[in-house]
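Have the sequence and the 3D view open side by side.

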Amino acid sequence: LFDQMLLHRNDASCPANGFYTYDAFIAAANSFSGFGTTGDADTQKREIAAFLAQTSHETTGGWSTAPDGQYAWGYCFKQEQGNPPNYCVQSTQWPCAPGKSYYGRGPIQISYNYNYGPAGQAINSDLLNNPDLVATDPTISFKTALWFWMTAQSPKPSCHAVATGEWTPSAVDQLGGRVPGYGVITNIINGGIECRQGRGSGLAYTSGF
């Protein structure tokens, strides 16, 4: 099923060819209590499906006329393409290491030193000094994505809490249209870019996964 959902992740044209393995996913998932095991069977399946869909969108190599459709090319990339900035912001708690960049890497495309730092602390890997581990070690790569998925970052709930029905929107959330569902998870991951733009093709594309 993993191979069917991520049909072209090992295509020769994908830079991440051979990187994202099922074994690495399972090893990482086993490190996070509650992921894919919370609630009834339907809830568990829905959470795993939402995780794979959101991360497929973050790493897609698909295009409108791609073989098997544009949504079949998730996990094609393991790091941000082009010439990204270093994504370093001043922080006394999570200081940037000299010469290191914190651009998007891994299934969730974790970015910025203030995410690499606590993610590394949570999974016992020094990602501030070794951010490239997210693009060279597949288990660490999946662990960073699952850390982001499972960890609430106030005022946002965790993706896990939304996917499993553990999050209850406040009155302010409801006024802002933030109600339980896949859309709120998109908001948590990349809301600054993908949300508040109406029901256009961008949102339809995201939900297509």
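At 35% relative accessibility, Cys88 falls in the partly exposed class, which means between the cut-offs for buried (under 20% relative accessible area) and exposed (over 50%), using a 1.4 Å probe and protein chains only. Cys96 comes out as partly exposed too, at 23%. These two are joined by a disulfide, with 2.0 Å from S to S; the term covers a pair of cysteine sulfur atoms within 2.5 Å. The torsion about their S-S bond is 115°, making the Cys88 and Cys96 link right-handed.

Keep in mind that this is a predicted model, where local features need pLDDT of at least 70 and side-chain atom pairs count only at pLDDT 80 or more, while totals for chains, interfaces and linings use all residues. Residues are numbered from 1 along each chain as its sequence is written, and side-chain values use heavy atoms, with hydrogens and water left out.

Now for the other bond. Cys14 and Cys76 form a disulfide with their sulfur atoms 2.1 Å apart. The torsion about the S-S bond of Cys14 and Cys76 is about -100°, so this disulfide is left-handed. The pair ties together distant parts of the chain, 62 residues apart: Cys14 sits in the loop between α1 (2-5) and α2 (22-29), and Cys76 in the loop between α3 (41-58) and α4 (113-123). Those helices are DSSP runs (H or I, at least four residues) numbered from the N terminus. Both Cys14 and Cys76 are buried.

As for Cys159, it is buried, with a relative accessible area of 0%.

Key. Helix = DSSP H or I, 4+ residues; strand = E, 2+ residues; numbered from the N terminus.
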